Amino acid sequence: MTPPTQMSLPRRPFDRSIALMRFIVVLLFVLTLYGFTALETGGVNMADAWSMLADNAATLFFRPALANVTVSELLVSLGVTIGLGFLTTVFGAVIGFGLALASALNIAPVWLSVLVKGFTAIVRAIPTVLWVLIFAVSAGLGSVAAVLGMTFHSAGYLIKAYAESFEDVDAGSIEALRAGGADWWHIVGQVVTPSAMPALISWTFLRFEINFSTAIAMGAAAGAGGIGFDMFMASGFYLNIREMGAFTYAILIFAVIMELIATRLQTRQTHR
Amino acid sequence: MRSFDFLMRQRLAVGLVFLGILIASYVAVVVTEYDVVKGFQSIPKAVIWSSENFYPDEKSLKRLPKIIAKMQETLVTAVTATTCAAFVGFLVAILGANATRPHWVFSIVSRAIASLFRNVDVSAWSLILLFSFGQSMFTGYLALFFVTFGFMVRMLMETIDLSSADTIEALRATGASPSAVITQSVIPTCMPQFVSWTLFMIETNIRSATLVGILTGTGIGNLFDIYYKSLNYHAASLVIVVIVIAVLLIESVSNAIRRVVLQ
Amino acid sequence: MPVLHVENVRKSYGGSSFALDGVSFSIEKGEFVAIIGPSGAGKSTLLRCINRLIAVTSGTVSVDGTDVTKVSNSGLRILRRTVGMIFQHYNLVNRLTVIENVLHGRLGYKSSLSGTFGLFSHAEKMRAYELLQAVGLSEQIYQRCGQLSGGQKQRVGIARALIQDPTLMLCDEPIASLDPNAAKIVMDTLRDINQRLGITVVANLHQVHAAREYAHRIIGVNAGKVVFDGPPSLLTLEIIQQIYGSEAQDLMLAEGELHA
């Protein structure tokens, strides 16, 4: 240990990252305050509404009961929603895999990568429900429009996720195969796909969870059938909160099972 | 011979997985009554129809100010819901994370709450909330808040446990009070991730807000629904253009922020 | 009165086996003690029982005459601030600057309020700066800890412990993640602290040669029991084999390589 020499504390230099973070936090805070003044409540008495919500929540969670559908109909509805989620995940994965190969920078040409990435960014920017409604014009409301619309968004998401997983593959091992005279297909089949496989699986599973949720939403907002549609009817048509409770439990049970499986697989990385 | 067996078995396993997925897909097609042929036919049909009808024309441009106003309304709802949920979520995550919880019971309660709020879809929350709050922006705000809250609690609990367990131990060893441990170690360590997740949820919630808007009769989603149902496809397509621009803009801004903050 | 007195300490993490199985020893003021033993012997647990980061299952631990196992929460804070600790993985807040991390060592002296808001006096900041100069980091005070090398990080950890004005310093594998050069600097610093400031040092070390070189006294631990307690000169090859069991062979080889 050397004895101290300089006796006054130097000034602290400017830190861009911390300054920006503080700025963002303040900005979001101000936006939120503004948001509260702009948030219209449709003339509902807030105190009444909150106490009503408390009542409704109690009914929903503690006294669920089916009324307009039978148990087997509920199961079929749940099956339809799961089926929609599953199909669009499979389609999304197939398309996603192909186009991700065309957009991962370490295996695809730059021009193609830019093209595919730009295109998928736009596809992802459009909310799924609007995709479904667009397809519904030519295919009619129903499972065809739902599957097509959801597939678009699902594929857009998986292209990005897969491409990032491919790009994370060790450049050295690709170089090693290239040095050995392997062609593009060899590299994709022997290095890129096997190395990225755990990531691909966890992304796909994550997307299945999202697609299941989306399938509920499409039933409610875009006439895609399934449990979402049943909920929409219970909420807007029959005004039956107890039946809503039954549907909510059905969704919760399936989603929690999926979550448990995902935690078991737990190779899932954080996604950005 | 053994390695050969191993390779064969591996190939067999992969084949079985694919076969399983294929069968499950077939079952899904049957259950959802998805018409595969019609599906394939619909894509070119939709493309032709879109190119003929689904583009903004001059007349629809007159509606642009209204569309932008509704877009702004939706953006504000999404941002407000996200920030509030992120803040409350952070508090609950601190109570629930293994490294900071006051008692293990808090962990179980936090996890259960997070799971409940996150796993019920935002559309389902909207439908539930409609019962008590009616068709208003506030209903949408609450629905987005619930789902974001659940997501944030779960993600931040993981972040706290992964990134600050070490420093929490060190500060405890100096005799720091529990609140000082949180402000001096947990918050500085998790802040970048926290900001990053918040931005991510803002991006997600702008899209969700469109869906919620259709259900609660507010914002840009409702406007699209009105144009769509009145067959005013030019105006509806303009809505989509505005959404795409808004989402891409916010995505690129938040990516830029993330690059600096996470460095 | 010994600075540290450990008597018949047992620790079990549930189940029938004990991580610590009846450990007893006493350490006088100014000693430099190395605790050695194979990985999983209970060294880390033992060190953490001293400042109650881990609660003992039975037995007593007293620091400066205060029974750590019975002290109240506020008493524990007062006790912990006189016990400095450094860690194998440094345990610094990587996002914060070097000086902010050093100041964390003062948190034990702060009220909840001023500690929570990180309000430190000018005198405390000056003291932190002096300590950083003393460990050779005066140029880095405003760098983020994440940008430092391992050896530098450990010196920040030492400065954080020193600003507590400790009477006892616990070091949990302080050099296990460092290269030989950085390890030497860190161990020399610890020796300096011990000799010049008279602070008692208790260090878990995996490396026998470092323990021999720096410590006045070595405690060998195996399977939660003290199997050796004496000066380095009495640490024979046989005893090392007794402490490390099957690991001894590998250890000897590695040591041989180091000295070759």
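This is a predicted model: local features need pLDDT of at least 70, side-chain atom pairs count only at pLDDT 80 or more; totals for chains, interfaces and linings use all residues.
**Chain C as a whole**
- The C-alpha trace of chain C spans about 55 × 45 × 35 Å along its principal axes.
- Buried residues make up 48% of the 260 residues in chain C.
- If you take the contacts in chain C between residues at least 6 apart in sequence, 68% of them join residues at least 24 apart.

**The two domains of chain C**
- Domain 1 of chain C is built from two stretches, 1–82 and 168–260, while domain 2 covers 92–165.
- The C-alpha centres of these two domains of chain C are 25 Å apart.
- Where they touch, twelve residues of domain 1 of chain C are in contact with twelve residues of domain 2 of chain C.
- On the domain 1 side of chain C, the elements giving two or more residues are α2 (73–80) and α7 (180–196) of chain C.
- The largest share of that side comes from α7(C), with five residues.
- Sorted by class, the side of domain 1 of chain C that touches domain 2 has seven nonpolar, two polar and three charged residues.

**Where chain C meets chain B**
- This contact takes 25 residues from chain C and 19 residues from chain B.
- On the chain C side, α2 and α4 (112–116) of chain C are the elements that give two or more residues.
- The chain C side that touches chain B has nine nonpolar, eleven polar and five charged residues.

**A helix pair in chain A**
- Helix α8 (residues 184–221) and helix α10 (residues 241–265) of chain A have axes that come within 10 Å and cross at roughly 170°.
- Angles over 145 degrees count as roughly antiparallel, and α8(A) and α10(A) are therefore roughly antiparallel to each other.
- From α8(A), the residues that meet α10(A) are A:Ser202, A:Phe205, A:Glu209, A:Phe212 and A:Ile216.
- Their partners in α10(A) are A:Ile251, A:Ala255, A:Met258, A:Ala262 and A:Leu265.
- The residues of this contact of α8(A) with α10(A) divide into eight nonpolar, one polar and one charged.

Note on methods
Residues are numbered from 1 along each chain as its sequence is written. Chains are lettered from A and ligands numbered from 1 in the order in which they are written. A residue is buried if 20 or more other C-beta atoms lie within 10 Å of its own, exposed if 12 or fewer, and partly exposed in between; C-beta atoms are placed from the backbone. Two residues are in contact if their C-beta atoms, placed from the backbone, lie within 7 Å. Domain bounds come from an automatic or database domain assignment. Helices (H or I, at least four residues) and strands (E, at least two) are DSSP runs, numbered from the N terminus. Ala, Val, Leu, Ile, Met, Phe, Trp, Tyr, Cys and Pro count as nonpolar, Asp, Glu, Lys and Arg as charged, and the others, Gly among them, as polar. Axes are lines fitted to C-alpha atoms, for helices over the stretch in contact, and angles run from 0 to 180 degrees between N-to-C directions. Angles under 35 degrees count as roughly parallel, over 145 as roughly antiparallel, 65 to 115 as roughly perpendicular and the rest as oblique.
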